[in-house]
Every structure is written in C-alpha cells, then in structure tokens.
Amino acid sequence: MRIGDRVFDTLHHTYVMGILNVTPDSFSDGGKWNRLDAALSHVEQMIAEGADIIDVGGESTRPGYTVISDEEEIQRTVPVVEAIRARFDIPVSIDTYKSRVAEANLTAGAHLVNDIWGLKADPDMASVIAKHGAACCLMHNRREEEYRDFFADMKAHLAESIALARVSGIRKDGIMVDPGVGFGKTYEHNLEVIRRVGEFKDLGYPVLLGTSRKSVIGLTLDIPAEERVIGTAVTTVYAVQQGCGFVRVHDVRENVQAIRMTEAIRGSYSL
C-alpha cells in the first residue's frame with residue numbers, strides 16, 4: 001500500500017497508526033492535545049516511539065458524540081496537519097467523514113482520509129480523495145446493532161465501500177479497510193470481529209484493527225480507559241498473528257514493542 005511517498009509492506013509487517021485527537025471530548029484523551037504545542041510534542045513522542053502514520057482527528061466519534069460544523073473541524077485540524085507536515089517526515093491521516101474537512105486537510109498536506117462511514121456519509125468524499133490522489137481507510141459502521149447475518153453483512157458493506165472507492169477513481173494501492181470495532185456493534189459482535197479479523201483480508205486490501213482503549217476491552221477486564229494499555233496490546237499481538245497491515249493506537253511505544261516481539265517470534269521482524 002502507498003500512503004504519500006511511502007510504500008507499506010503489509011504482507012510482512014504490521015504498522016502503527018498513532019492517534020492524535022485535537023478535540024476537547026474524545027473518550028480517553030479529550031483535551032490533552034488540542035493546543036498546537038501540545039499536539040506537536042505528542043507527535044514527536046509518537047514518532048520517537050515508532051509510529052508509522054499520524055492520524056489527526058478533530059471531532060470525537062465516541063458513542064453519543066456531538067457533531068460539530070465543518071468550519072470548526074477545519075479550524076481544529078488544518079493548522080495541526082500543516083505544522084506536522086512542516087516539522088516532521090511522516091505520513092499524515094485526517095480522521096473525518098466530511099468531504100469539506102477532507103478537502104481542506106488534503107490541501108494542507110494530509111496523505112490519507114480515515115472515514116468512519118466508508119465513503120457513505122458524504123457523497124462527495126470519494127471524489128475528493130481521488131482528486132488529490134490520496135489514500136483512504138474505509139471503516140464499517142452503522143447506526144443500529146441489528147444484522148441479518150452479522151459477519152456476512154459487514155463484509156458486504158465493506159465491499160460496497162471498496163467498489164465506491166474504485167469507481168470514483170481512488171487508486172487500488174491506496175485503500176485499506178477497518179472492520180470498525182466499537183461502531184454499530186454489540187460487545188459480542190466486537191469480540192467476533194477481533195477473533196475473525198484475518199478474514200477481512202479476503203476483500204483484497206490491507207486490514208486495520210482499531211481497538212485502542214475501547215469499551216470491548218473495558219467491559220472484558222472491567223477497567224477504565226486509561227488502564228486498557230495491556231488489553232490493547234493483546235489485541236495488537238493477535239492482529240499481527242492474523243496478518244493485519246495496521247493497528248490504530250493511542251499508546252505507541254507499548255504496541256510497537258508488542259508487534260516487534262510477535263514478529264520476532266514469527267520470524268518476520270529484523271532490526
């Protein structure tokens with residue numbers, strides 16, 4: 001997969017997308033990085049700890065989140081994306097489902113759009129990504145937790161997003177898929193998604209697993225968000241074993257170490 005000018009060998013390695021929420025209300029780190037100096041300091045730390053991509057988000061998408069205007073989201077994210085591009089040499093993702101926000105951030109230098117609605121919330125999103133030659137992460141999401149055939153419905157939904165991307169001109173080597181742990185799913189659904197995450201490779205694209213500090217870990221272990229680092233790292237190890245190309249995490253150092261150790265045991269990691 002190509003993101004910006006970098007090629008990611010997702011057949012042989014699992015890469016880390018570091019989360020940078022520049023929001024006041026994200027579920028586990030809201031308000032920590034929404035000043036530019038704090039955001040850049042955190043980016044520097046995540047890069048030092050081994051992050052491969054920085055994912056910038058300007059609107060919380062936790063359960064019950066408040067939708068903000070395009071303008072406010074742009075004001076939160078564009079200065080951060082511009083500053084990261086000016087200061088660091090790392091691919092940058094913008095976490096948004098709004099085409100105007102994507103357009104502004106791709107113009108500012110972002111390389112990838114991480115769309116929690118898989119191009120289906122905004123009819124202009126796919127064409128904006130294609131116009132910029134950018135990459136995208138297509139996530140499964142829905143408003144209800146009811147399915148006719150849960151796993152088959154999920155894969156069909158993601159296949160629809162992929163088809164929309166391709167017919168809109170998004171390049172084949174610029175697509176990854178995310179099964180959307182925590183979005184439109186019950187606790188049992190989320191466990192099944194993690195358990196069967198390797199099956200999403202059947203769609204023909206790299207798979208991203210995003211479980212970091214999420215409720216499925218909190219409910220399983222009965223712990224608050226700030227104590228879910230170990231539980232997240234366990235899911236990262238499993239993601240490596242299942243052949244996922246990416247994991248999206250808050251705690252970069254711990255998950256990079258988990259990946260390196262797992263790949264060393266498997267025989268695919270080299271210094």
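# Burial, packing and loops

Me: Is I194 buried or exposed?
Reply: The relative accessible area of I194 is 10%. Under 20% counts as buried, over 50% as exposed and anything in between as partly exposed, using a 1.4 Å probe and protein chains only. At 10%, I194 is therefore buried.

Me: At what pLDDT do side-chain atom pairs count?
Reply: Residues are numbered from 1 along each chain as its sequence is written, and side-chain values use heavy atoms, leaving out hydrogens and water. This is a predicted model, in which totals for chains, interfaces and linings use all residues, local features need pLDDT of at least 70, and side-chain atom pairs count only at pLDDT 80 or more.

Me: Which residues is I194 in contact with, leaving aside neighbours within four places in sequence?
Reply: I194 lies in helix 6, where helices (H or I, at least four residues) and strands (E, at least two) are DSSP runs numbered from the N terminus. Contact means heavy atoms within 4.5 Å. With the neighbours within four places set aside, the partners of I194 are V181, L209, T211, V216, T235 and Y238.

Me: What covers the buried residues of helix 6?
Reply: Helix 6 spans residues 187-195, and its buried residues are H189, N190, E192, V193 and I194. Their cover includes helix 5, strand 9 (208-209), helix 7 (215-221) and helix 8 (229-241).

Me: Which residues have the most contacts inside the largest nonpolar core?
Reply: A nonpolar core is a set of buried Ala, Val, Leu, Ile, Met, Phe, Trp, Tyr and Cys residues joined through side-chain atoms within 4.5 Å. In soluble globular proteins, nonpolar side chains tend to be buried together. The largest such core here has 63 residues, and those with the most contacts inside it are L20, I54, V56, I84 and F200.

Me: How many residues does the second, separate core have?
Reply: M1, I3, F8 and A135 are among the members of this second core. Its residue count is twelve.

Me: How are helix 3 and helix 4 oriented to each other: roughly parallel or roughly antiparallel?
Reply: Helix 3 (residues 99-107) and helix 4 (residues 125-132) pack at about 10°, with axes 9 Å apart. The axes are lines fitted to C-alpha atoms over the stretch in contact, and angles run from 0 to 180 degrees between N-to-C directions. Under 35 degrees counts as roughly parallel, over 145 as roughly antiparallel, 65 to 115 as roughly perpendicular, and the rest as oblique. The two helices are therefore roughly parallel.

Me: How many nonpolar residues are in the contact of helix 3 with helix 4?
Reply: Helix 3 contributes S99, A102, E103, L106 and T107, and helix 4 contributes M125, V128, I129, K131 and H132. Ala, Val, Leu, Ile, Met, Phe, Trp, Tyr, Cys and Pro count as nonpolar, Asp, Glu, Lys and Arg as charged, and the others, including Gly, as polar. By class, the contact has two charged and three polar residues, and the nonpolar ones number five.

Me: What is the relative accessible area of L119?
Reply: L119 sits in the loop between strand 6 (112-115) and helix 4. Its phi is near 75°, a positive value in a residue other than glycine. L119 is buried, and its relative accessible area is 4%.

Me: Where does R213 lie?
Reply: R213 is not a glycine, yet it has a positive phi of about 60°. R213 is also buried, at 13% relative accessible area. R213 lies in the loop between strand 9 and helix 7.

Me: Which residues is N255 in contact with, leaving aside neighbours within four places in sequence?
Reply: N255 is in helix 9 (residues 252-266) and is buried, with a relative accessible area of 0%. Beyond the neighbours within four places, N255 contacts T232, A233, T236 and V249.

Me: With which side chain does the side chain of H12 make a polar contact?
Reply: H12 lies in the loop between strand 2 (6-7) and strand 3, and at 48% relative accessibility it counts as partly exposed. A polar contact is a pair of N or O atoms within 3.5 Å; within protein, one must be able to donate a hydrogen and the other to accept it, and residues adjacent in sequence count only if both atoms are side-chain atoms. At 3.0 Å, the partner of the H12 side chain is that of D9.
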